[in-house]
Amino acid sequence: MLKAIILIGGPQKGTRFRPLSFEVPKPLFPVAGVPMLQHNIEACAQVPDMKEIILIGFYQPNDELNCFISSAQQELKIPIRYLQEFAALGTGGGIYHFRDQILSGGPAAFFLMNADVCSEFPLQEMLRFHRQHGKNHCGVLLGTTANRTQSLNYGCIVENHETNEVLHFVEKPSTFVSDIINCGIYLFTQDIFGHIGTVFQRNQQERIQEELTNGKQMPEVIRLEQDIFTTLAGQKKLFVYKTQHFWSQIKSAGSAIYASRLYLKQYHQAHPERLATNQDGTPKIIGMLHEEFSLNKLLGPNVSIGKGVTIGGGVRVRESIVLHGAVLQDHCCVLNSIVGWDSTVGKWARVEGTPSDPNPNDPYAKIDSETLFRDGGLTPSITILGCSVNIPSEVIIRNSIVLPHKDLNRSFQNQIIL
């Protein structure tokens, strides 16, 4: 028997996903036409002997999350439930806090993953790899290869090339350690909780001492990467399974468009029914359309369109996500952008962003972690229109972020419009 745990996080200040996360929790933001979290859940549900999927986070329960869980359970025929943390406990603290619920029923092992990763999710391959390496280890980490420069932005894994044992682990090192990086997807046995428990007891003693000495309360956070993996590395307790399939983080709105492109490409094999089809005498479409979408002109490539979107004649959309209820009027152009719910782009208007893609000439390049500002100005990135934004006719919005419910009256470039 197996279980899967998906860490969905919670609302955070200064998130790079705003203003989109104002309307829905980030894990429910549509990527390639379905909520980001649904890709993780579908991959877990396909693993044989998967009995339950548990979501852990510190979002307050809300109608959107409850509705999504209910719909996913009915569609995938697998129990899914949400466990709310009282505070952000870290990647290790959350699962340790709910260890009794995770271990109920006696699962032989459980998958653990972050919700904000885009991947082909080779979970069954990880399971076979885990079983081939015996019963003495407590975890398998999914790894992939990055270039030397970008590897510094991730957890780096040094492996034994013959046995795939994790010999050394460093989270975001200051100098080059290894080009194998941590993908944030794991397979653990029950033994992992013994190691987390040791760290928990040590932290409790330190918290008590800190409170007695300085009167300060230390946060009850346990991080798998810094607190657990660094200790277990080199003890024959962790192994790394390296994937050659696609993988990317979804930390920013720009990375959501890149992830959408990766998933749309995967749909050709995994979910062809989700892709739009072209027929003679109709507009050419390269991307994903919702079944209720009404269309009369051109789209693509790599475009995802939500429900109830209206698109006028002569419209050009490329490398973008258009969310439900949006209106794209005649002859407007939308490139490398996200058009928010119920927003309107006027006639002959142009909404354009700068793509955040990895270097196409480097097979190991990953999408860069964007900083909002660089050299005193807004970093050129995709353009984001929050919900219910109105773009008038014949203006240009380029490399800008527009907060919800704004009626613009002129062109903007490289600005955050509050």
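A charge sits over a ring if NZ of Lys or CZ of Arg is within 6 Å of the ring centre and within 35 degrees of the ring normal. Welcome to a predicted model, in which local features need pLDDT of at least 70, side-chain atom pairs count only at pLDDT 80 or more, and totals for chains, interfaces and linings use all residues. Residues are numbered from 1 along each chain as its sequence is written, and side-chain values use heavy atoms, with hydrogens and water left out.

**Rings and charges**

- Another charge over a ring is that of Arg99, whose charged end sits over Tyr96, 3.9 Å from the ring centre.
- Rings of Phe, Tyr and Trp (its six-membered ring) pair if their centres lie within 6.5 Å; planes under 30 degrees apart count as stacked, over 60 as edge-to-face and the rest as tilted.
- Eleven aromatic pairs are counted by this rule.
- Tyr154 and Trp247 are edge-to-face because their planes stand at 65°, with the ring centres 5.8 Å apart.
- This pair links distant parts of the chain, 93 residues apart: Tyr154 is in the loop between β8 (139-145) and β9 (155-159), and Trp247 is in strand β13 (residues 247-249).
- Helices (H or I, at least four residues) and strands (E, at least two) are DSSP runs, numbered from the N terminus.
- Tyr154 is buried at 5% relative accessible area, and Trp247 is buried at 6%.
- Buried means under 20% relative accessible area, exposed over 50%, and partly exposed in between (1.4 Å probe, protein chains only).
- Ring pairs also join Phe110, Phe169, Tyr186, Phe188, Phe193 and Phe229 into a cluster.

- Helix α8 (residues 253-270) has 18 residues and should span 26 Å at 1.5 Å a residue, which agrees with the 24 Å between its end C-alpha atoms.
- The expected span is 1.5 Å times one less than the number of residues in the helix.
- Because 13 of its 18 residues are buried, α8 is largely enclosed by the rest of the structure.
- Ser255 belongs to this helix and is buried, at 2% relative accessible area.
- The side chain of Ser255 reaches the backbone nitrogen of Lys251 at 3.1 Å.
- Leaving aside neighbours within four places in sequence, Ser255 is in contact (heavy atoms within 4.5 Å) with Gln249, Ile250 and Ile367.

**Cysteines**

- A disulfide is a covalent bond between the sulfur atoms of two cysteines.
- Counting pairs of cysteine sulfur atoms within 2.5 Å as disulfides, the total is zero.
- Cys44 is in no disulfide, with the nearest cysteine sulfur, that of Cys118, 14 Å away; Cys44 is buried, at 0% relative accessible area.
- For Cys333, the closest cysteine sulfur is in Cys332, and at 7.6 Å it is too far for a bond.
- Cys333 is buried, with a relative accessible area of 13%.

**Backbone details**

- Most residues other than glycine have a negative phi, and most peptide bonds are trans.
- The peptide bond from Gly300 to Pro301 is cis, with omega near 5°; Pro301 lies in the loop between β14 (287-289) and β15 (303-305).
- Ser388, although not a glycine, has a positive phi of about 55°.
- You can find Ser388 in the loop between β26 (383-385) and β27 (390-391), where Ser388 is partly exposed at 28% relative accessible area.
- Asn414 also has a positive phi, near 55°, and lies in the loop between β30 (412-413) and β31 (416-417).
- Asn414 is partly exposed, at 31% relative accessibility.

Key. Polar contact = N/O pair within 3.5 Å; in protein donor to acceptor, adjacent residues only side chain to side chain.
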